[in-house]
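These are my notebook entries on a single protein chain. I record what I looked up, one topic at a time.

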Amino acid sequence: LLFCALAAGAVYGYMKFGAKQIVQDGTKQNLTLSEAIPKEALAVIDYNIETEDKRTKVKQMWEQVGGTAPSSIASGNPTPLIALADTTHAYYVVLPDNPKPFLLVQNTKNITEYVSQHSEEQPIEVGGWYVFHPDNTSQYNTMLGDGSIGEDTSLVTTNTTQDYLVRFGLRREFASAQFPSVVAEAVGLSRVDALVFHITESQTDGTLKASAQVTGNPPGEGVVEDTTELISLIPGDISFARVGFNFAEDVSALGDTVSKIDTTVLAQPAIRQFMSLFITPYTVFERTGSDGVRDMGIIMQLPSSLRQKVKIGESIVEQALPSLIPLIVGKALRVQVAFTDAVYNTAPLRYVNLNGQSQTLDYSVGDNFLLIASSREGMYSLLDTSLGKTPNLSTAEPWKTLSAKASAITKDRAFVIGSLSNPALISTLPIASNQEQVPAVISSGRTSTGIDIQLVLLSK
């Protein structure tokens, strides 16, 4: 992927502006944008301030979340650059293991004057570009010396005809960490090196709305059904949930988000035939229970041919469920498991203890759904939610607000709901500064050319 490598033993000169010193890389002048970004970059956030209209809208985006003039232009808020007429783009670069972003801007007359007047800024100059950081630019300089991202990446673009206010490209692995299960083939991220979102409008409802496109043949889907009842069964204290329409197809990709599904179990003819019936909506979610233990839950809508027919203790169900054990304990168990009867508030359930009650394989069967949990407390939470005793995804904050504001992108579409947590990425987007976890929902739908991806973030 390398287009240009900058020599590690670069010779540095210094340019003085009054009492201000700027480190200048003397190896090469006039680097392209992709040559000026280290190959290890995880994300690149591009603010388009080419026109007065775009400058006004970008400024409005930050004002709406209470964004004030930052102490450093490298903080992630580009509004100080809006006053510089010859600065048309501000690029924020996220590097590994750094909680703060780097700012990359072209060396222009106005930015040079700005630097000379602000002694708090400590940029380096690399090939016609200034690099800023709130603390220290050494990581950027070192990583750039090891190589740049090159021209064959979608992390950045030189297409000046694209109409956007903010463009943020997330490297595939980074997007996977930010949006669990997005890397699944179900949304097509495995086909590209980066997932690229565009924000084209400033919103007034406390959200950021962005879209991305992945080209190629879209994956198959199950029959789109109403998921209202399914969503009402998801506990309100989840940290992450995915809602899909075809459990039978997605089960293998589902296993890749944590560890592998035990395919030796699923390969058995009777189980394979049984699972093939589940071309139905499902959810998989994660939460931390009241006991402090991470819990995983799965809710599968029963196909119409099985509704009110599958009973607790059904042999084919208990033969298939051990395929999920690697998701719970991280590996397959090559031992026979035996389920035991239990009752919770009159609801019958069956369970296998894998590691005490904190790691179990519990399940219960309703008229329309199969409920599965990876801990005893998790199953109790699922059953309480199903009986309306505890809040669900539609009634608990922040998911209630997020679901309402994102309803247009989740209707009849598979979606993932969770939170962004990377501080460097969060700081570069117009989001209220007091948010360390940013509620987000990302949905995917098929188009004639591939997959349409929509993202909604609660910005305040």
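The entries below run from the chain as a whole to individual residues.

**Entry 1. Basis.** I note that this is a predicted model, in which local features need pLDDT of at least 70 and side-chain atom pairs count only at pLDDT 80 or more, while totals for chains, interfaces and linings use all residues. Residues are numbered from 1 along each chain as its sequence is written, and side-chain values use heavy atoms, with hydrogens and water left out.

**Entry 2. Whole chain.** I looked up the secondary structure and found 15 helices and 20 strands. Both are DSSP runs numbered from the N terminus: helices are H or I with at least four residues, strands are E with at least two. Of the 460 residues in the protein chain, 54% are buried. Buried means under 20% relative accessible area, exposed over 50%, and partly exposed in between, with a 1.4 Å probe and protein chains only. The accessible surface comes to about 19500 Å², and carbon and sulfur atoms account for 50% of it; the areas come from the Shrake-Rupley method with a 1.4 Å probe, and for residues only the protein chains shown count as cover. I then took the contacts (heavy atoms within 4.5 Å). Among those between residues at least 6 apart in sequence, 68% join residues at least 24 apart.

**Entry 3. Nonpolar cores.** I searched for sets of buried Ala, Val, Leu, Ile, Met, Phe, Trp, Tyr and Cys residues joined through side-chain atoms within 4.5 Å. The largest such core has 51 residues, and Ile45, Phe168 and Phe197 have the most contacts inside it. A second, separate core holds 31 residues, including Phe247, Val317, Leu327 and Val337.

**Entry 4. Aromatic rings.** A pair of aromatic rings is described by the distance of the centres and the angle of the planes. Phenylalanine 274 is buried at 11%, and phenylalanine 278 is buried at 0%.

**Entry 5. Charge over a ring.** My criterion was NZ of Lys or CZ of Arg within 6 Å of the ring centre and within 35 degrees of the ring normal. The charged end of arginine 376 sits over the ring of tyrosine 351, at 4.0 Å from its centre.

**Entry 6. Asparagine 422.** Asparagine 422 counts as buried because its relative accessibility is 17%. I checked its polar contacts, meaning pairs of N or O atoms within 3.5 Å; within protein, one must be able to donate a hydrogen and the other to accept it, and residues adjacent in sequence count only if both atoms are side-chain atoms. The asparagine 422 side chain reaches the backbone nitrogen of alanine 424 at 3.1 Å, and a polar atom of that side chain lies 2.9 Å from the backbone nitrogen of leucine 425. Not counting residues up to four places away in sequence, asparagine 422 touches Val94, Phe174 and Gln178.

**Entry 7. Backbone geometry.** Most residues other than glycine have a negative phi, and most peptide bonds are trans. I found a cis peptide bond from glutamate 397 to proline 398, with omega near 5°. Proline 398 is in the loop between helix 12 (376-386) and helix 13 (399-405). Aspartate 97 has a positive phi of about 60°; this residue lies in the loop between strand 4 and strand 5 (102-106) and is exposed at 83% relative accessibility. Aspartate 412 also has a positive phi of about 60°. The loop of aspartate 412 runs between helix 14 (407-410) and strand 18, and the residue is partly exposed at 46%.
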